[in-house]
Amino acid sequence: MKRTNTDDPSYFHKVVDCQWACPAHTNVPEYIRLIAQGRFTDAYMLNRESNVFPGILGRTCDRPCEPACRRGRLDGKPVAICRLKRVAADLKGEIGHLLPQAPAKKNGKRVACIGAGPSSLSVANDLMPLGYEVVMFEKYDKPGGLMRSNIPSFRLPEHVLGDETAAILDMGVDIRYNSPVSSMKDLLGQGFDAIFVGSGAPRGKNLDLPGRNDTDRIHLGIDWLESVAFNHIESIGEKVLIIGVGNTAMDCCRTSRRLGGKDIKVMARRPRAYFKASSWELEDAEEEGIEIVINHAPKRFVLENGVLKGMEFERLEWDADAKKSRVIDTVIIPADDVILAIGQENSFPWIERDIGIDFDKGDMPAVDETTMQCSRPGVFFGGDAAWGPKNIIWAVAHGHAAAISVHNHCQGIPVTERLPDRMNLISQKMGLSEWSYHNDYNPVARQKMKHVDLKRRFEELSLEVELGFDVEQTAREAQRCLNCDVETVFTAAKCIECDACVDICPLLCLTITRDGEEAEVRDRLSAPAVNPEQALYASVPLPQTGRLMLKDEDLCVHCGLCAERCPTAAWDMLKFELEISYAGKAAHEPALAQV
Amino acid sequence: MPSITKPVAVHPSLHRNAIGLNLRDYEGAMSTLCAGCGHDSITAALIRALWELSIEPHMIAKLSGIGCSSKTPTYFVNGAHGFNSAHGRMAAIATGANAANRELTYIGVSGDGDSLSIGLGHMCHAIRRNVKMLYVIENNGVYGLTKGQFSASADVGSKSKRGEANRMTPIDPVMLALSIGATFVARSFSGDKEQLVPILKAAIAHRGFALVDVISPCVTFNDHNGSTKSYLYTRKHMQRTTEADFVPPASEILATIGPVGSTTVTMHDGSVVRFNAVPKDYDPTDRKKVLNYLQENQGSIATGLLYVDETVANMHEMNATPAGPLWSLPYEKLCPGTAALNELQEDYR
């Protein structure tokens, strides 16, 4: 079978499931270890390097890392990575002197960022220290974009959002509030060296059913949340229906609960297994007494004398995999207000179609996935503006990528010329059976987040519901991390095939067997490789018998026992460090290049 | 010695055996032997064999003497009985234990020092009595615990770690056992579990004394150039003389029948040992042919289940002992009292 090439950083990177799954490739195991050591500031700064907004993301991230976490495959519950991130943000010390600084001498290049959301802010975060002048156009009077307008303050306190946006803006970003961009053509004429479009996906999808336009008690979810965020709306009727069951719907229903809603129902067309909302957001909503009603398709709004009375739904019965449905009957559910949360769309009425920016059939700009550049050189897209609604962590990743492109573009280097990511591998051996990391497997269960008392939380709209982990919870949760970045690294030339590693491995990851076709070799593994997504490492032929050392990465708990029982140090535990290249900062360069 | 105990996480595909235990339930304490010791591999093979045979841990008795090998019963089946005897006395203690309770599965683990020097006499007599037990010799040719002096199994010319050659002739436990009437004789290699596990299973199913000599390299004192019991030397010189499968008694015999002409031996408990490959004119049930073969192939290390004879009565059968363990007998029968003793003594007057 094919020998594994471990010189390619992506092999060991993929073993670190959380980091691999994270769009920004945050070094999760390392910051969890820092948290375990009480080094919260260091943990925060490590986070900030890749994800820019640890405090915000520690509360609101979509957490692609958690479903990927190896721990979840072992005991069913991933490490509470997101919550630990918040611990670092909450308990960090003074960081002012650690934040990136903009040089006094500028490089003479001007970049426009449209919108002051996470993607634009990430672009500014990477470019300001390089001497760029960044001009940011924001339609509201505060920064944050959808992080401010769409995430309720009981999930994301104002001060957290304010601190982390200020850390970037205070480098000297020329932020222009209340300045929506109304013409791309105009902006192009203003002599910017590059333009970044991070204007989000600001248009809520409408539901054009009879009665839609006959009342003012039907709201578009994201617009409604925005009005609440900016204090334009302060109350809602007692009976509220939310149409749709994504994360915006969860924010709408929980916000309604705080504005006077008593009987709140989230109406879903399909069964629960097909909901778009994250499971934890559903749980939080249900904890607050929100009813989630499945298998109801909206049919019409019911009005009497111009007053909204409710909504008529078709009750559906679905087949096994919820593809086809049958209408059973219809019901009318009373409501004072209806909030539509069935999705968002991009909308670029302000980009002229004759300026070299191509739009596709869905009226979306054609954006390159690596460079973030559209068909017009020097114009870049990111965040929800690029490919429709994703989430904050994707917006940050887009921002980093776009910043590299902007930097290249302004230096006259092709945007396609990207610096490679590199890796460092450092042995963690401190002595005989002694490691620089905590290698023992801790069977403790995932810690449960404590919430503010149910009664108390509805008294104040912006009272944060999640209390964060306490010290004991933090210590326990940090020990659940398996240190997947401390990699098992094998040197075939040293192996004497004594079987010690194979015998000791608690998860039967290792096999020494003769070479053959991969499918057939897989039949001879110590334990079946149940997860085809995970790599099967194959060494070069071993010196004594020419057999191969195989390792199924799937369930390795990185306990290091293979290395401890290896008499020749053919196995060693090496800490993998992914060095990511950012704009003006190639991997392996210790500090930001000052221009 | 490892820094931690083995993580409790278990591979989801690990199935449970007939009595509801998984492989990990047959583990013991963490090994304190040198990293890379062959003995640890034999321990792993024993764990697998006992798990596959679904033997209840509390029905197992582990016995050993003194030496690196004799530490290993600690490293498998935590829930079993154990006795760590004086140097070389494991065979005698096992004979006594077996006499008292014939229902347990006896696993004796010894080494070349324990069995071929100080304990040689005891081992020979346990063989003669055909005590029903598995007797494993973890054979590495040196005294590891006392820093690598030659043992009685070291080959002539084999070199110590500092370069001295051994000049005394070795005792080959396989030849010795065959010559004194052993009824189950096998040799294997710690680095070849594919062969070792079925041999251990067959040995446990055997009617009487089952000797399994396992070449088990001493990674610290005897794994160098010039050693004849190193990993490399053993790999170069071992020859799989016989290839045997172990078929447990409950299995459907039709489904497991081998290629035409293969030799099968039905064990006392109804299980079957099926020889898939033996050399031409070799018969694993013919002591003379086996001895001849071994004589003629002295340059190589012949491995496999070399000889088996299920027809010979074991110690209990020879002595017509009670059918159950002694604890199951009523006290009056076990200890008939002064009157009965006096009556017996009258016979000798």
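In this predicted model, helix H3(A) passes helix H8(A) in a left-handed crossing. H3 covers residues 28-36 of chain A, and H8 covers residues 81-91 of chain A. How is such a pair described? Two packed helices are described by the angle between their axes and the distance between the axes. Here the angle is about 50 degrees, and the axes of H3(A) and H8(A) lie 10 Å apart.

Which residues make the contact? H3(A) brings A:Val28, A:Tyr31, A:Ile32 and A:Ile35. H8(A) brings A:Ile81, A:Leu84, A:Val87 and A:Ala88.

Now turn to a sheet. Strands of a sheet pair through backbone hydrogen bonds, either parallel or antiparallel. This sheet in chain A is open and has 5 strands, with parallel pairing. Read across it, and the order is E6-E13-E7-E8-E9. Strands E6 (218-220) and E9 (291-293) of chain A stand at the edges. Each has a single partner strand, so one side of each has no neighbour in the sheet. From one strand to the next, the twist averages 20 degrees.

E6(A) pairs with strand E13 (residues 337-340) of chain A in the parallel sense, over 3 bridges. A:Ile218 stands opposite A:Val338 in E13(A). Helix H13 (residues 221-229) of chain A packs on the sheet and touches E6 and E13 of chain A. The direction of H13 makes about 90 degrees with that of E6(A).

Terms used
Residues are numbered from 1 along each chain as its sequence is written. Chains are lettered from A and ligands numbered from 1 in the order in which they are written. This is a predicted model: local features need pLDDT of at least 70, side-chain atom pairs count only at pLDDT 80 or more; totals for chains, interfaces and linings use all residues. Axes are lines fitted to C-alpha atoms, for helices over the stretch in contact, and angles run from 0 to 180 degrees between N-to-C directions. Helices (H or I, at least four residues) and strands (E, at least two) are DSSP runs, numbered from the N terminus. A crossing is left-handed if the near helix is turned anticlockwise from the far one by less than a right angle, and right-handed if clockwise. Two residues are in contact if their C-beta atoms, placed from the backbone, lie within 7 Å. Two strands pair if DSSP finds at least two bridges between them.
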